[in-house]
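Subject: Structure for you to look at

Hello,

Here is the structure I said I would pass on. My notes follow below it.

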Amino acid sequence: MTSNVVGVFADPQSALTAAGNLKGAGFGIPELMSPVPIEGVEAVLGKKKSAIKNFTFFGGLIGGIAGFALAAGTAVLYPHPVGGRPIITMPPYLIITYELAILFGILFTVVGFLVSSRLPAIRNRVYLPEAAVDKFVVTVPYDDDDHFKRAEAILSNAGAEQIRQLGEED
Amino acid sequence: MVAETNNLGYTDIHEDVVRSIVKTGPKYYIALATAGGTTLLCFFFPWFYQLYYGIGAAGMNHPGVWGTYLASFIFWIGLSHSGTLLSCVLHLTNSSWRKAMYRSAEAMTLFSLVVAATYVMVHVGRPWFIHWALPYPNQMELWPNFRSPLMFDVMAITTYITGSTIFIYMGSIPDFAAVRDRTSGWRNTMYTLLSLGWRGTDKEWHRLHWAYTFLAVLIIPLAVSVHSIVSWDFAMSIVPALHQTIFAPYFVVGAIYSGTAGIVTVMFVLRKYMGFERYITKLHFDNLGKLLLVLSLLWTYINAVELFTSWYSGTSEEYEAVGFKLFGFYAPLYWEMILFCAVAPLLMFSTRFRTSFMPMLILSIVINIGMYTERFLIIATSLPRQYLPDAWGVYVPSAVEVSIMVGSFALFTTLFLVFVKIFPSVSMYEVKETMATPKLGSVAPASGSPA
């Protein structure tokens, strides 16, 4: 069980300031929850990198190879010459290649998204339903009372409307 | 855009969208029952009749072995082209006016595709053998012929349905989460599952942004390829009037054209009957009108090119095909199409016309009637009119075919009516992005910037 201190803000700028101050004061990287993506998060909390692009790229690559292998491979398995033309005919097989490259690219992007954003969520995590409507929430884990008081001070200085404690299953 | 929504707050859109899902009036049930009943009566009943008595129940016979089933198939695939494609292009070009309308536009894509796929089943006559089209070897170890445009179709359309479904679902995850918190009972369970436990953390938003962008980049070339491939079903034959290199761009432009007109129709209905007047505004109709105008000019140009290349070929069968199209049995339909799709849209040069809702609705329907005619003519003026005059014929659809055509619109409407009660039909989080962000202790400024 991890304990978290949670600050609820009415506007994204103060939430972002609070998150930056918490990070500066030596807390772990705070987590923001918001109804819309907040601009400028990366400037405050550090650059984010995701592996999705690799999933998309290799998905497309695997799909392309699979598509060509399907069309050309099956033609070779059961050769059926038509009018002396080649068994592996490039123009039509490239279309199959193209379609399957896109199909696999899409499917792998979805897998990449799920893996890198840790969804679907299996355990219960800190969440406030207001964060889906019009509130901006900053969450940071704390160890003891002293820690909690410091975090509380930082959050209320930044203009938090409410400060709560929420537990999270490990 | 901003000027029109900045007096609305985050909670307004939230309430409006949740209300559109959970509050259902008797009018909705009447509409659903009518659409569902019409689907059953006009679509499924004639189809079962055709299955029972055989494909002869349809008016297709030698030489017109393709009929309205295929024309409708092209029409519905075409109608599907604007939603996801337009949404992807506008997403990548950062057009914020897309945000209020793209969800329902994408739904249109999805349901048109479902209807189109159903038409394939209707057309093949023995749909229980549809798995023969899938890539697997039969008992003789023979695989399907991947050189056939029909196999390209199978590949392209399955990819397109998969891609569009994933795209609309991905974009809806944050909204499912928002609706999840406001519902109870079976709805809550459904939205909990659909939202995957989305919380709206900075990390999740970042991942969603990139995944969504990659999907958009993948889907644009896919959508273009789908209708090009549908056009090759025809253009790769050696039938006069079909064997044309212009066919792929012709189909793609026609598809986006009729799809955009379809979006105008759907936007009108959503605005009027689902209470989204404050989000779907004149600006959307104005922008869609400009797009439609450009597409109509392109479409007219391609039609002129098609006639020119036929004439320039200097072959008697092409002359015959063009003559039959312009002055033959179906000539009234041809000129109706020109009037509806090339002449009437010129009205949209006027800003006043583009920003008037009712005229735009009428024009959008007129354009789609014209576009349906176009697809019908492609089939009806080509196959029954090939090289040898003693093999000529005239194709006229049977009652079963006409009924199924009417029923397919009811099927689409039914699916769409179910959609508006399950999906948040306006994207909440993206409309919120276009609104001024809430400021501490101050009223929202007069002009916020779109996020």
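Two residues are in contact if their C-beta atoms, placed from the backbone, lie within 7 Å. The contact between the chains takes 54 residues from chain A and 50 residues from chain B. On the side of chain B that touches chain A, 26 residues are nonpolar (Ala, Val, Leu, Ile, Met, Phe, Trp, Tyr, Cys and Pro), eleven are charged (Asp, Glu, Lys and Arg) and 13 are polar (the others, Gly among them).

This is a predicted model, in which local features need pLDDT of at least 70 and side-chain atom pairs count only at pLDDT 80 or more, while totals for chains, interfaces and linings use all residues. Residues are numbered from 1 along each chain as its sequence is written, and chains are lettered from A and ligands numbered from 1 in the order in which they are written.

Of its 451 residues, 47% count as buried (20 or more other C-beta atoms within 10 Å of the residue's own, C-beta atoms being placed from the backbone).

One helix pair joins the chains. In α3(A), A:Ile52, A:Lys53 and A:Thr56 meet B:Arg207, B:Trp210, B:Ala211 and B:Phe214 of α8(B). The residues of this contact comprise four nonpolar, two charged and one polar.

Regards

Conventions
A residue is buried if 20 or more other C-beta atoms lie within 10 Å of its own, exposed if 12 or fewer, and partly exposed in between; C-beta atoms are placed from the backbone. Helices (H or I, at least four residues) and strands (E, at least two) are DSSP runs, numbered from the N terminus.
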